[in-house]
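These are my notebook entries on one protein structure. I wrote down what I looked up, one topic at a time.

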Amino acid sequence: MEVSQKLLINILLSFFLVFFSSPLLADDSAELAKKLANPVASLISVPIQNNWDQGFGPADAKKYVVNIQPVIPFTLNDDWNLITRTIIPIIRADSPIVGGDTSSGTGDVLQSFFFSPKEPTANGWITGFGPALQYDTASENDLGSQKWSAGPTVVLLKQQGAFTYGFLGNHLWSYAGDSDRQDVSATFMQPFFAYITKTQTTFTINTESIYDWENSDWIVPLNLLVSQLLNVYGQPVSVSFGPRYYAMSPDGGPEWGLRFVVQFLFPK
């Protein structure tokens, strides 16, 4: 199935969810919307994130990535939670060279473990920190690094009324894998800002910038997202959609893209 057809199917799915949905109770939806804006909230969720990017290489090639991102919290004791966030990418990438082959399969899985205090700091900041692990799970050589990598990850955010703002980041170094492939040393930085309306519509702007220390390259996508919290036959679901513009990317990198997310929520 072509990338554009997959994207159309996902957009149609969002209209289906909206049409067959009903509002959540106001108090429940307001609390859920705040938790959705918090990457280390004690909330089980399964986002299915669809990313479509355009402009790779001289072929102006496309890339379609579905990230399955389960978030599972664990209670450690009266004061601490452990939040696990896993990103499982499924990729279809056209060749950036005219006449080249298309690659499809799984990419490298990234798993983050955040140790997070249950209560904010005295100044209202919510924090989390721990290790991030990237596994060599790519099904094809050009869909992953062919390396095993690890490093620290951290999140820091504040929620004031309708506003949520903060920063999530990590750094990964490779420690094993194919010795013929380039080592990994990359810093990921995601500052974010979200505004939640009284109808639990959330407007978010963020970047998901990566600096590749091995090649001295930046990739800086700017994401704009509009999200709506819905109740689909008793199941809380968040639907998000928005454009992406690449302010910086390596030579032959993408120029712009779209993101569509369906996120299933399982409140305790």
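**Entry 1: K147 and D183**

I began with a salt bridge, in which the side chains of K147 and D183 meet at 3.3 Å, N to O. The pair joins distant parts of the chain, with K147 in strand β9 and D183 in the loop between β10 (163–177) and β11 (185–196), 36 residues apart. A salt bridge here is a side-chain nitrogen of Lys or Arg within 4 Å of a carboxyl oxygen of Asp or Glu. I also looked up the C-alpha atoms of K147 and D183, which are separated by 7.4 Å.

The model is predicted, so I noted its limits: local features need pLDDT of at least 70, side-chain atom pairs count only at pLDDT 80 or more, and totals for chains, interfaces and linings use all residues. Residues are numbered from 1 along each chain as its sequence is written, and side-chain values use heavy atoms, with hydrogens and water left out.

Strands and helices are DSSP runs numbered from the N terminus, helices being H or I with at least four residues and strands E with at least two.

Are K147 and D183 buried or partly exposed? K147 is buried, because its relative accessible area is 5%. D183 counts as partly exposed, because its relative accessibility is 44%. Buried means under 20% relative accessible area, exposed means over 50%, and partly exposed lies in between, with a 1.4 Å probe and protein chains only.

**Entry 2: Other salt bridges**

How many salt bridges does the structure hold? I noted four. One of them is between the side chains of D53 and R244, at 3.1 Å, N to O. This pair also links distant parts of the chain: D53 is in strand β2, R244 is in strand β15 (residues 235–248), and they are 191 residues apart. D53 is buried, with a relative accessible area of 8%. R244 counts as buried too, at 4% relative accessibility.

I then looked at R92 and D94, whose side chains meet in a salt bridge at 3.0 Å, N to O. R92 counts as buried because its relative accessibility is 16%. D94 is partly exposed because its relative accessible area is 22%.

**Entry 3: Positive phi**

Most residues other than glycine have a negative phi, and most peptide bonds are trans. I looked up two residues with a positive phi. D60 is not a glycine, but has a positive phi of about 50°. I found D60 in the loop between β2 (44–56) and β3 (61–68). D60 is partly exposed, with a relative accessible area of 39%.

Q146, also not a glycine, has a positive phi of about 60°. Q146 lies in the loop between β8 and β9 (147–160). Is Q146 buried or exposed? I wrote down buried, because the relative accessible area of Q146 is 12%.

**Entry 4: The second largest pocket**

About 310 Å³ of space lies in the second largest pocket. Of the 18 residues that line this pocket, N38, A41, K118, I126 and Q159 are the closest to its centre. I wrote down how a pocket is found: on a 1 Å grid over the protein atoms alone, it is an open set of points where a 1.4 Å probe fits, with protein on both sides within 12 Å along at least five of seven lines, and lining residues have an atom within 4 Å of a point. The volume is the space filled by probe spheres set on the points, which are joined across faces, edges and corners.

Which elements each supply at least two residues of the lining? They are α2 (26–36), β7 (109–117) and β8 (125–135). By type, the lining divides into six nonpolar, seven polar and five charged residues. In this count Ala, Val, Leu, Ile, Met, Phe, Trp, Tyr, Cys and Pro are nonpolar, Asp, Glu, Lys and Arg are charged, and the others, Gly among them, are polar.

R85 lies in strand β5 and is partly exposed, with a relative accessible area of 28%. I looked up R85 and P73, which are twelve residues apart along the chain, and their C-alpha atoms are separated by 8.7 Å.

S249 lies in the loop between β15 and β16 (256–266). S249 is partly exposed, with a relative accessible area of 28%. The C-alpha atoms of S249 and S209, 40 residues apart along the chain, have 9.6 Å between them.
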